[in-house]
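User: Hi! Could you walk me through some charged contacts in this model?

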Amino acid sequence: MLTYLKIFAVNHQKIPSLHINNLCCCQIRANFKRKKHAPLGRNYSSLPGLIGNDIKSLHSIINPPIAKIRNIGIMAHIDAGKTTTTERILYYSGYTRSLGDVDDGDTVTDFMAQERERGITIQSAAVTFDWKGYRINLIDTPGHVDFTLEVERCLRVLDGAVAVFDASAGVEAQTLTVWRQADKHRIPRICFINKMDKTGASFNYAVESIREKLKAKPLLLQLPIGEAKTFKGVVDVVSKEKLVWNSNSDDGKEFERKPVLEISDPELLKKTTEARNALIEQVADLDDEFAHLVLGEFSENFDLLPADELQTAIHRVTLAQTAVPVLCGSALKNKGVQPLLDAVTMYLPSPEERNYEFLQWYKGDLCALAFKVLHDKQRGPLVFMRIYSGTIKPQLAIHNINGNCTERISRLLLPFADQHVEIPSLTAGNIALTVGLKHTATGDTIVSSKSSALAAARRAEREGEKKHRQNSEAERLLLAGVEIPEPVFFCTIEPPSVAKQPDLDHALKCLQREDPSLKVRLDPDSGQTVLCGMGELHIEIVHDRIKREYGLETYLGPLQVAYRETILNSIRATDTLDRTLGDKRHLVTVELEARPVETPSVMPAIEYAESLSEDLLKVFQEAIENGIHSACLQGPLLGSPVQDVAITLHSLIIHPGTSPTMISACVSRCVQKALKKADKQVLEPLMNLEVTVPRDYLSPVLADLAQRRGNIQEIQTRQDNRIVIGFVPLAEIMGYSTVLRTLTSGSATFGLELSSYQAMNPHDQSTLLSRRSGSTQVS
């Protein structure tokens with residue numbers, strides 16, 4: 001992603017950022033002439049909007065009309081072709097002058113060293129470009145489950161998305177995850193069935209998997225001409241035209257658009273007409289306005305229905321998310337990308353077509369969401385913002401509602417993957433990169449001032465919001481942030497020497513601001529720094545970045561699974577704390593009950609007996625709850641967090657003058673006493689596993705999973721491959737990628753996703769506890 005604010009150069013020379021706020025058009029042109037001779041590793045063609053000699057006004061370059069803006073994301077399972085599709089989009093839009101390749105490690109959006117070495121996307125990258133008069137802000141997101149938060153926080157601020165599918169595989173494990181994330185944020189989507197040239201590609205299979213696995217209604221806007229080796233183009237079902245790419249063209253820019261005629265293509269015309277009629281019927285079922293039109297003047301002959309009427313209806317249906325348009329092509333072979341871009345501008349919504357209820361309260365004042373923070377060594381924190389209303393300018397003082405603080409934006413940039421263009425202002429609907437915000441974090445809501453926020457809160461109150469939610473004014477104005485998943489792996493990390501510990505702390509602090517799913521804590525017993533992450537690859541990448549970006553050779557302890565604990569029966573406990581500090585006596589007596597609950601909950605449910613005084617609770621409730629929460633952070637078996645418990649406070653006797661800290665300490669000690677007395681249970685993370693394996697290697701894979709305590713749910717057939725779907729404990733799957741490669745000669749792939757925490761069986765629990773405590777078994 002945007003880790004470095006440099007233009008890539010072959011010899012790593014730094015080239016200054018382009019400052020366009022004070023340049024006239026002639027200066028811009030002159031500036032680019034001078035840069036033409038710079039030894040760039042990639043050939044970037046121009047500023048967005050400056051294609052060839054078409055110099056547009058500065059205002060239209062920076063702030064196009066909101067109806068012409070599209071904020072979109074590219075999302076998919078790992079290796080479906082997201083980054084290659086993005087590369088082709090940038091090339092055909094005139095943003096680059098050479099085609100990047102993931103295998104060659106020269107793509108625009110995958111520019112981190114780790115991304116280029118591994119051929120995968122780790123951080124989402126933002127790119128801004130123009131296409132036929134539209135401004136497109138595009139974000140290329142990761143497909144690997146370890147970086148699912150990257151997808152989540154980007155989807156939060158997008159207006160539409162393109163879901164990319166492998167034509168030979170259809171819907172895969174991570175496709176389901178990103179689709180659910182898009183459902184949560186109600187994002188309209190377009191489906192692009194990629195790799196139509198691949199051996200085993202099947203358009204019908206991929207469409208059917210979208211219908212069955214995603215429970216979506218596919219609208220076939222294109223049909224492929226040929227499949228696998230015979231794939232040479234697509235048929236536009238809406239306009240009944242065929243698009244055939246020139247086989248002599250290296251870059252796919254040249255293609256012919258011709259009507260499908262009965263004389264030359266009778267079979268293709270029949271297929272296209274049937275597909276168009278089916279499409280019209282589908283859309284008419286979903287859109288009443290279109291149904292009236294069809295049943296009126298075009299009921300006798302669908303062929304007479306104008307293409308633009310059908311396109312407008314498809315746009316409405318896509319926005320309503322009652323169906324998804326489906327297109328196809330091969331990004332690697334440069335076929336089908338230009339029609340995909342046309343579909344993005346035609347069917348996905350502009351920012352003004354998305355319904356954001358909170359905007360009515362701001363009346364045009366600034367309202368933005370910080371959705372990503374990066375750390376740059378020279379410039380400090382760089383904050384990505386989606387502007388929902390108002391205008392952002394450099395030197396603007398802004399108010400952070402979450403942090404309740406005022407900060408100043410020093411500079412404003414348009415993001416171009418690893419390059420940036422400095423700009424004088426940016427209006428609603430756009431995505432900006434800001435420099436100078438020291439305290440803003442992922443998920444913070446940004447407004448122009450505290451008074452603006454309060455005025456908006458009063459308007460919200462007048463709209464009757466208070467009838468439904470009795471929250472504080474500020475809380476009602478917060479935009480929904482990002483849900484950060486709980487880490488499942490942890491390990492210790494140590495600097496090369498004690499003197500380097502402050503440097504390591506600084507590096508980890510910077511990386512945590514960039515990546516909220518990375519957690520760092522201090523082990524209270526050993527004093528070691530513990531790194532908690534989403535998976536093996538996640539922690540490996542963090543370790544590698546500390547070495548490359550911060551110059552620290554750190555040492556990682558063995559990777560361990562993040563277990564949880566719970567109790568199996570109800571237990572009561574009483575505790576008294578009697579301590580004199582100075583001339584003050586602190587005396588507390590607590591009686592409480594800990595019991596298991598059926599509904600899974602990470603946080604303890606806290607209840608109070610009716611006999612407790614309301615006045616007492618009003619004063620000391622915060623101290624009581626702090627004590628309960630701190631006690632549940634470390635369970636009695638492994639020191640892991642305790643979940644699925646409810647704590648009921650039955651009695652609380654407090655001596656006058658006792659401090660809240662002492663009350664917290666007593667409550668915490670009492671909870672720990674109850675947890676120790678109860679029957680205890682270790683919970684382990686259970687993963688959803690999907691293995692794609694050739695038929696010949698199925699038996700050894702199943703035998704290996706049986707040894708790993710795997711629970712196979714079903715085995716599906718996908719052409720010559722078998723898809724093994726099941727559950728497996730996370731502890732048994734460490735290092736699985738190496739074993740699977742060995743068993744299948746490198747021909748199998750697998751996907752993992754956290755399903756839930758489940759109770760370990762007594763034998764496995766006993767083995768784990770014995771291993772953790774040396775030879776002594778913990779009861």
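User: Happy to start with a pair: which residue meets aspartate 236 in a salt bridge?

Analyst: Two notes on the source: this is a predicted model in which local features need pLDDT of at least 70 and side-chain atom pairs count only at pLDDT 80 or more, while totals for chains, interfaces and linings use all residues. Residues are numbered from 1 along each chain as its sequence is written, and side-chain values use heavy atoms, with hydrogens and water left out. A salt bridge here is a side-chain nitrogen of Lys or Arg within 4 Å of a carboxyl oxygen of Asp or Glu. At 3.7 Å, N to O, the partner of aspartate 236 is arginine 257.

User: How far apart are the closest N and O atoms of arginine 709 and glutamate 732?

Analyst: Arginine 709 is partly exposed, with a relative accessible area of 27%, and glutamate 732 is partly exposed too, at 26%. Their salt bridge has its closest N and O atoms 3.0 Å apart.

User: Which residues are linked with Arg709 in a network of salt bridges?

Analyst: Side chains of opposite charge can pair when their charged atoms come close. Besides Arg709, the network holds Glu684, Glu732 and Asp764.

User: And how many salt bridges does a search of the whole structure find?

Analyst: Another one joins aspartate 130 and arginine 135 at 2.8 Å, N to O, and both residues are buried. For the whole structure, the search finds 27 salt bridges.

Conventions:
Buried means under 20% relative accessible area, exposed over 50%, partly exposed in between (1.4 Å probe, protein chains only).
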